[in-house]
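Please consider the following protein model.

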Amino acid sequence: MPHTHGEHHTRKSKSLPEEADLLPADREDSPLTQLIRKYLNEEEVQLVWQAYRYAEHAHAGQTRKTGEPYITHPISVACILARLHLDLPTLLAALLHDVVEDTHVNSAEIAELFGKQVGDLVDGLTKLDKVELQTATQAQAENFRKMLLAMSQDVRVILVKLADRLHNMQTLDAMRPEKQKRIARETLDIYAPIANRLGLNPIYHELEDLSFKYLYPNRHRVIDKAIRTARGNRKEVIGKILEAIQNQLTQYQIAFDVQGREKHLHSIYKKMSEKSLKLSQISDIYGFRVIVKDTASCYLALGALHALYKPIPGRFKDYIAIPKANGYQSLHTTLFGPFGTPIEVQIRSEEMHNIADAGVAAHWLYKTTDAHLTKLQQQTHQWLQRLVEIQTESDDSYEFLEHFKVDLFPDEVYVFTPKGNIMALPRGSTAVDFAYAVHTDVGNSCVAVKINNELAPLRSEMRNGDHVEIITAPLAKPNPAWLNYVVTGKARSHIRHYLKTVKVEESAQLGERMLNIALRAMHIEPQDISDKQWQKVMNDYSTKTRQTILTDIGLGKRNSLMVAHQLLAHPAESDDKSTKTLDTITIRGSEGMAVQFAQCCRPIPGDPILGFINKDKGLVIHTHDCPAIRKFKLDPEKWLDVEWDADQKKLFKVNLRITVSNERGMLAKIAATIASAESNIDNVSVEDSDGSQYSNVNFTVQVHNRVHLADLIRNLRKIQQVVRINRVKGTQAEQRIQ
Ligand code: MN
């Protein structure tokens with residue numbers, strides 16, 4: 001099947017790849033091998049080749065639009081990173097970065113083959129691919145960048161992502177113009193700034209220039225042409241200046257390397273539009289870069305050049321003493337050249353130059369095998385450290401890089417609102433915190449939440465990139481139980497404030513209204529509830545008045561649906577014969593109500609749980625991850641956020657599937673272990689083993705809680721014949737043995 005992934009592009013047939021690009025990457029003369037031979041050892045090279053062959057196999061048959069084999073894309077991404085001398089795991093992740101998204105491989109398999117680090121990197125990249133920014137305001141772009149960084153707990157994920165984007169931009173030609181523009185806009189707003197902040201200057205400039213070219217093709221063409229002409233005209237002058245600089249530095253006995261430096265089209269364009277200048281007014285389209293051996297030489301060279309040509313006042317910048325936030329260090333000065341030509345000069349040491357080129361990636365440069373770090377690595381270490389310190393010192397500043405900390409030490413999460421806006425929340429925030437962050441009214445009336453389009457409990461923790469939609473109900477009110485898990489001050493203070501200000505009388509009225517709604521939803525008129533029914537429920541709750549129950553509903557201490565159900569569960573004529581599964585302690589707030597634990601998932605204390613009001617069965621408890629939950633086309637009004645009550649002495653049933661090797665006496669051993677763990681066996685069934693050496697045995701055992709279960713499983717694992725143990729949730733054919 002042809003590959004149609006949106007983010008990847010085809011080269012136009014007229015610009016087919018160089019022949020070298022199509023060489024198998026595991027050949028010595030392939031570009032990738034030549035790059036990695038410079039800094040990886042034989043064993044590492046073999047691993048890169050192995051990853052290449054694996055990716056090639058996984059992408060077999062996939063092509064980019066023009067028929068170019070898909071594998072050329074990951075190879076190009078790996079080449080970009082190999083030029084930065086990034087480490088082995090990064091290169092392997094680059095080669096494998098689209099494998100999970102596009103093929104049937106999962107990241108667990110990658111971790112198994114290439115190690116956990118590579119598995120995690122690929123996993124991080126796959127997750128990044130899934131988030132997409134919808135609204136393109138400035139503030140949202142800022143948040144989106146933070147979200148991307150926060151999601152990549154390892155900065156290498158971002159480095160691969162940037163290389164991926166760079167190659168896609170380099171091959172953007174074949175896309176339709178609208179799509180080119182959309183991707184270029186995203187690159188300019190999101191990815192180029194990230195590259196800039198991470199100090200990856202060449203990648204940053206290339207991303208910007210390519211975006212500029214596709215966003216404003218005409219302006220790009222005009223400026224490009226004008227600059228070429230200007231450079232041509234000044235060629236002679238520039239040659240003379242270069243010579244003069246070289247002579248001067250030699251005379252001052254400074255070891256140096258000097259490079260001509262072309263200004264990037266996009267920065268010229270920015271300067272023109274920011275200062276409303278015409279192209280003819282932009283004089284500094286050409287400059288020089290002087291690279292010397294150490295910091296002291298930088299200042300010597302500066303003095304030498306200022307002696308050669310007068311500096312233009314106000315244009316000197318010392319980024320050595322005060323580095324840019326992304327770690328960039330250099331001296332910048334502009335000189336009055338001959339014929340009035342302004343000359344921009346950057347002066348820096350070799351180490352500064354390496355950092356200016358590789359930025360955060362310099363951290364992986366020249367990795368030594370022994371424990372001690374090179375000076376350059378120490379510097380990048382210090383730089384990363386400094387970023388962290390800046391973050392802790394000032395939290396009111398909006399400097400993007402301060403949030404680099406999010407990357408290294410995550411403390412915020414970024415989630416999408418239904419309109420596609422991004423909201424930043426403290427780590428650990430729940431759906432209730434989110435609701436209050438949206439608006440106080442939303443918080444005060446929230447009843448349920450959809451996370452990534454699936455219903456989830458209000459206590460659910462927010463994760464980066466989640467799409468969160470709060471469901472509200474007009475009569476819903478804050479629940480005191482929320483105080484147990486909200487983390488933001490805003491949510492906490494609003495819930496407290498609400499509870500304080502609600503008058504008892506008002507709560508009783510509100511409670512009555514809510515109860516009536518609940519009863520009518522069950523097709524019962526409130527006045528049809530007899531005094532006897534009320535008395536029964538009052539006894540269950542050990543309260544003396546109806547008023548108390550209504551007030552409790554109004555205050556959110558009791559759920560109206562649960563009370564309604566309990567009123568109906570005790571018809572006037574049948575007194576109290578339905579003591580069948582009355583469970584008054586297991587679920588908080590369920591006093592007097594029939595509670596059942598779903599057969600499908602069999603929750604045990606410690607499991608996160610949800611409750612459903614079922615007309616016939618009462619309150620049915622499921623685990624969060626029960627597959628059956630997805631089948632309910634949930635009416636949020638019937639869904640309850642429930643909690644285990646503390647101190648369970650009861651035993652709960654749980655299903656285990658144990659894979660064992662078929663040996664005599666094996667079942668007896670398992671049974672003995674279960675008994676000695678103070679658990680009971682409720683049911684056993686053996687699946688047909690089809691004559692294989694292994695069988696699956698399904699046990700229903702009784703445990704107190706998750707800790708008890710964990711102990712039991714640990715003991716069972718010690719049995720030699722036990723190969724695997726799974727806790728089974730969801731439907732499963734149970735075959736009983738006789
Ligand atoms: Mn890709």
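What follows is a set of questions and answers on salt bridges and on strand pairing.

This is a predicted model, in which local features need pLDDT of at least 70 and side-chain atom pairs count only at pLDDT 80 or more, while totals for chains, interfaces and linings use all residues. Residues are numbered from 1 along each chain as its sequence is written, and side-chain values use heavy atoms, with hydrogens and water left out.

Reader: How many salt bridges does a search of the whole structure find?
Author: A salt bridge is a side-chain nitrogen of Lys or Arg within 4 Å of a carboxyl oxygen of Asp or Glu. By this criterion, the number found in the whole structure is 23.

Reader: Which residues are linked with Glu28 in a network of salt bridges?
Author: Glu28 and Arg37 meet through their side chains at 2.5 Å, N to O. Glu28 is partly exposed at 42% relative accessibility, and Arg37 is likewise partly exposed at 32%; the term covers values between buried (under 20% relative accessible area) and exposed (over 50%), with a 1.4 Å probe and protein chains only. The residues linked with Glu28 in the network are Arg37 and Glu42.

Reader: Which are the edge strands of the open sheet that has 4 strands?
Author: The order of the sheet is β16-β17-β15-β18, with antiparallel pairing; two strands pair if DSSP finds at least two bridges between them. An edge strand here pairs on one side only, and the edge strands are β16 (680-686) and β18 (722-727).

Reader: What angle does the direction of helix α26 make with that of β17?
Author: Helix α26 (residues 666-676) packs on the sheet and touches β15, β16, β17 (694-703) and β18, contact meaning heavy atoms within 4.5 Å. Axes are lines fitted to C-alpha atoms, for helices over the stretch in contact, and angles run from 0 to 180 degrees between N-to-C directions. The angle between the directions of α26 and β17 is about 20°.

Reader: Which residue of β18 stands opposite Thr659?
Author: Strand β15 (residues 652-661) runs antiparallel to β18, and 5 bridges join them. The residue in β18 opposite Thr659 is Arg724.

Methods:
Helices (H or I, at least four residues) and strands (E, at least two) are DSSP runs, numbered from the N terminus.
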